[in-house]
Amino acid sequence: MKEHTWTSEKLFEKLSKSKSQKAYWKYVNELRIRPSKYVYNKAYELAQSKEPRNRMIGIDVLSQLGDDPRFKIKKTLKLYFELLKKEEDILVIMSILYGIGHNNEELKAAHIKQLAKFKTSKHPELREGLVNSLLGLEDNTAVNTLIFLMSDRESSIRDWATFGIGSLIPIDNPKINKALWARVLDKHEETRSEAILGLAIRGDKNIKEVIIQEMEEEDCGSLLFEAASELGDKSIQQPLEKLYKRYKKDKNISKGWLKSLKKCIKSLD
């Protein structure tokens, strides 16, 4: 691709003029693999621009500049939290939240408390960005915030928050158990499946009948197979085999789905 041959200066110039999301992220990603003093300083400068578009460019480039460890990540996070105190543009705040999410292992308790304030934002984009910023953190405020967002009115937010609590942290307590069981009744399939998986990971035997019941539905997802494997109850093997026999010759069924189902059956042998 031609952008690989361009100077960093030209890439920043192209970014400022790009009109499509595809081109925007192509240029951002190219700059991210160039962790140099010039790229950092230019992005840092743009992140403090008076123009929202330029602020987004700077924030997005800095968020994943360089491999592990990120290039000057502590300085970048300090900038992000300074910007959060005064930023009013919704899209720019989203970029900051996602940028923090890419580097949240560096967060302190005070940072997490500052982020948690977004949980009641009227803007779903910011609540979703907040979820992303907290994924994988075992801090009490982070966990309680994700539990709160597991009941969000937006299904995508409930889904991500349930995934964060159910699969990304090992904590198991009555509050988490109650929150996961509440989502087992969710009308949104992905959210429901994430809750089932979270309970299976924690070895909750009561989830077995729910897994079997869900498998009887026409469009059960592969997350259920993962939940069955995690629970490790051999009595689920028979309904799984029945499901496989029902769909193994169906040309409309995804090969990946069948492969996941077969793998699950084998895991219970």
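Which residues of helix H8 (residues 124–134) are buried? Select the helix and look for Leu126, Arg127, Gly129, Leu130, Val131, Ser133 and Leu134: these are the buried ones. Here buried means under 20% relative accessible area, exposed means over 50%, and partly exposed is in between (1.4 Å probe, protein chains only). Helices are DSSP runs of H or I with at least four residues, strands are runs of E with at least two, and both are numbered from the N terminus.

A quick word on what you are looking at. This is a predicted model, where local features need pLDDT of at least 70 and side-chain atom pairs count only at pLDDT 80 or more, while totals for chains, interfaces and linings use all residues. Residues are numbered from 1 along each chain as its sequence is written, and side-chain values use heavy atoms, with hydrogens and water left out.

**Stop 1: around H8**

Then step just past the end of H8 to Gly136, which has a positive phi of about 85 degrees.

**Stop 2: zoom out**

Show the whole protein as a cartoon. The C-alpha trace spans about 60 × 45 × 30 Å along its principal axes. Of the 269 residues, 47% are buried.

Next, think about what touches what, with contact meaning heavy atoms within 4.5 Å. Among contacts between residues at least 6 apart in sequence, 63% join residues at least 24 apart.

**Stop 3: the largest pocket**

Which residues lie nearest the centre of the largest pocket? Select Trp25, Met56, Asp60, Leu91 and Ser95, which belong to a lining of 14 residues. A pocket, on a 1 Å grid over the protein atoms alone, is an open set of points where a 1.4 Å probe fits, with protein on both sides within 12 Å along at least five of seven lines; lining residues have an atom within 4 Å of a point. Helix H2 (21–32), helix H4 (52–63) and helix H6 (90–101) each give two or more residues to this lining. The largest share, 5 residues, comes from H6.

About 260 Å³ of space lies in this pocket, the volume being the space filled by probe spheres set on grid points that are joined across faces, edges and corners.

Stay here and pick Asp60, which sits in helix H4. Is Asp60 buried or exposed? Asp60 counts as buried because its relative accessibility is 5%. Leaving out residues up to four places away in sequence, Asp60 touches Tyr24, Trp25, Val28, Arg32 and Ser95.

**Stop 4**

Go to Lys72, in the loop between H4 and helix H5 (73–84). Its phi is near 50 degrees, a positive value in a residue other than glycine. Lys72 has 37% relative accessibility, so it counts as partly exposed.

**Stop 5**

Select Glu230 in helix H14 (residues 223–231). Setting aside neighbours within four places in sequence, Glu230 is in contact with Leu197, Ala200 and Ile201. At 41% relative accessibility, Glu230 is partly exposed. Leu268 is 38 residues away along the chain, yet the two C-alpha atoms are separated by 9.5 Å.

Finish at Gly203, in the loop between helix H12 (189–201) and helix H13 (208–215). Gly203 is partly exposed too, with a relative accessibility of 35%. From there, draw a line to Asp233: it is 30 residues apart from Gly203 in sequence and 9.8 Å apart in space, C-alpha to C-alpha.
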